[in-house]
Amino acid sequence: MLCSILTVCLHGCGGTTLPESVPSERPRLILLLVIDQFVWDYIDRYGDLFDGGLKHLLDEGALYTNAYYRHATTNTGPGHAVVATGRHPSHSGIIDNNWFDRFLGENVRVIDDPLYPPVGGPGDWASPARLDGFTLGDVLKVESPGSRVVAVSKKPRSAIMLAGRRGDAAYWYEQGRFITTSYYIDEAPGWLERWNASGRSDAWLGGTWTRAQEAELYETYAGADDVAGERTATDRTFPHMFPSEAAAYYEYLEDTPFIDTLTLDVALEVLAAYEMGSDETTDILGIGFSATDTVGHQYGPGSQEVLDQILRLDGILGRLFDAVFEHIRPEDVLIVVTADHGIAPLLERTVARGESAVRIDEVALRAAVEDALGERFTGASDLIAYMDDETWYLDPAVIAQHGLEQKEVEDVIVDTLMSTGEIEAVFRRTDLVARTGPDHPHRPYFENSLYPSRSADLMALPKKFSYYSSTVDRARHGSSWEYDRHVPMIFVGRGIEPSRIARDSSPIDIAPTLAAVLGIDFTKEADAQVLPEVTGGP
């Protein structure tokens, strides 16, 4: 049934269908690498320090310098879904990492699925069921059932979005182990059980995270180590101490570069276990390297810790490419590298250079809105069903019970949010659906994030460089400002000339471009393009 549905969607679901073109030789392996929170700025800021995998990418690849996401909610789930499907959140349904489910009356995560328990250890019950549509890997599996499609990441949402609906497996990290879900396989394979039993995850237990290179280099490229706003006052300088208690250690490990080391270990096991790239059939290995995101949140994108993470990632990618090229000719491998989103500068660094920015207190913001609603609608309470960061879901049943109109409730909330001076604009779901309401430069990004049955009634965009945070020691992303949307995009493979391409592009171009390389039909978004520097086309 799924094959027939796919066939119908490929030829009759609207959009633009790419013409069939069968290349003389397909790559045996596509390495689809998504570096979580790898902002564009790292390429130019640290490029002369690279001597491993990142250097290989820059020396050998086509680098798109103006690649921007075109949706508003720049978070992990939506970003990975765009890369894998070539679809905006408005069509994939992946509007965020989590959202309020109006039917269930609760917050749900992008991968939650009570039907599919974890396999290989305790962890998330998960599947790609909430993904509306199919990934490039799904389409490849229909056209070429013998192709293997597998994904690995620290994060379940990264691995599952890259693996898609028809992938062979998705593996992710849970408390010192890597696991999967029964959606893909019924029992843990022997290689995974052996890896989990090896104690590899305990390598840094009770140890320290120190700089990979001399301290002077870090001071030159990243400035002082001790910067207000980083992590906590007791843990924002090198060396960082790992806990000696297992549960605390496994959690702390996620916020260090070494979680990428473990991800690479498991990815190399996958390459061998699934014999990827071993025959003429094209396989896809998706890897989500997550440490740049977790370190970036804790210390900010300009920190010495992030620089250390990038330098270590350079080495990790070098190990990956060496391992792959040891068994597969480089001309038979197509490497694609991008990020799922960027990040705002750490607020303290923004303020220090004279820019205006605030951390928006969500609790205080909700209290202000509820006070305004109580003053305007005496006796009416619980009008808000759910609020999280910039999203506001109203309760239509309660609003009707009090004899109110939803628009007048929205008006009060919008007026209150705008009166704080912290909000750039508020977009109403009804306006976005009807393509009405005030114009704003960011409106197209919110339209591309709109999935009416899941999207909030009101979506607020904070002022530039400001962001929502319930703590005083974190950096954040998730907005439609350019620093959250601008990411590197690099292709390395046969026939691709090393170059820097300044033409407007987007990660939404990746899936249709790879489909063209493979010569398979793929329906693309109206604003997506097939990149001629990769396909060799006009």
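Mentor: Let us begin with strand β17 (residues 423-428), in which five of the six residues are buried. Please bear in mind throughout that this is a predicted model.

Trainee: What makes strand β17 largely enclosed by the rest of the structure?

Mentor: A residue is called buried when its relative accessible area is under 20%. Five of the six residues of β17 are buried, so the strand is largely enclosed by the rest of the structure.

Trainee: How do you know that β17 and β18 pair?

Mentor: Pairing requires at least two bridges between two strands. β17 and strand β18 (residues 458-462) have five bridges, in the antiparallel sense. Within this pairing, R428 has L458 of β18 as its bridge partner.

Trainee: Why is A434 called partly exposed?

Mentor: A434 belongs to helix α18 (residues 429-434). The term partly exposed covers values between the buried limit, under 20%, and the exposed limit, over 50%. The relative accessible area of A434 is 46%, so A434 is partly exposed. As for its position, A434 is 28 residues from P462 in sequence, and their C-alpha atoms are 23 Å apart in space.

Trainee: How do you know which strands stand at the edges of the sheet of ten strands?

Mentor: The order of this open sheet is β6-β9-β8-β7-β12-β2-β13-β20-β3-β21, and its pairing is mixed. β6 (118-119) and β21 (499-501) each have a single partner strand, so one side of each is left without a neighbour in the sheet. Elsewhere in the sheet, β2 (residues 29-35) pairs with β13 (residues 333-338) in the parallel sense over six bridges, and L31 stands opposite I335 in β13.

Trainee: What lies across β2?

Mentor: Helix α11 (residues 258-273) lies across β2, β7, β8, β9 and β12, and runs at about 170 degrees to β12.

Trainee: Which residues have the most contacts inside the largest nonpolar core?

Mentor: They are L31, L33, Y171, L317, L320 and F491, in a core of 149 residues. Helix α13 (residues 304-327) gives the most to this core, with ten residues. A second, separate core has 24 residues, including L383 and V409.

Trainee: What does L31 touch?

Mentor: Leaving aside residues up to four places away in sequence, L31 touches L285, L320, F321, V324, V333, L334, I335 and V336.

Trainee: Are Q37 and E275 buried or exposed?

Mentor: Q37 has 0% relative accessibility, which is under 20%, so Q37 counts as buried. E275 has 52%, which is over 50%, so E275 counts as exposed.

Trainee: What kind of peptide bond joins F238 and P239?

Mentor: The bond is cis, with omega about -5 degrees. P239 lies in the loop between α9 and β11.

Trainee: How many cavities of 30 Å³ or more does the structure hold?

Mentor: There are two. The largest cavity contains about 40 Å³ of space, and its lining consists of L32, A84, L136, G137, L162 and I284.

Notes:
Residues numbered from 1 in each chain as written. Predicted model: local features only at pLDDT ≥ 70, side-chain atom pairs only at ≥ 80, totals over all residues. Heavy atoms only, no water. Helix = DSSP H or I, 4+ residues; strand = E, 2+ residues; numbered from the N terminus. Contact = heavy atoms within 4.5 Å. Axes fitted to C-alpha atoms, helices over the stretch in contact; angles between N-to-C directions. Core = buried A, V, L, I, M, F, W, Y, C linked by side-chain atoms within 4.5 Å. Buried < 20%, exposed > 50% of the residue type's maximum accessible area, 1.4 Å probe, protein only. 1 Å grid on protein atoms, 1.4 Å probe; cavity = no way out; pocket = protein on both sides within 12 Å on 5 of 7 lines; lining within 4 Å. Points joined across faces, edges and corners; volume = space filled by probe spheres on them.
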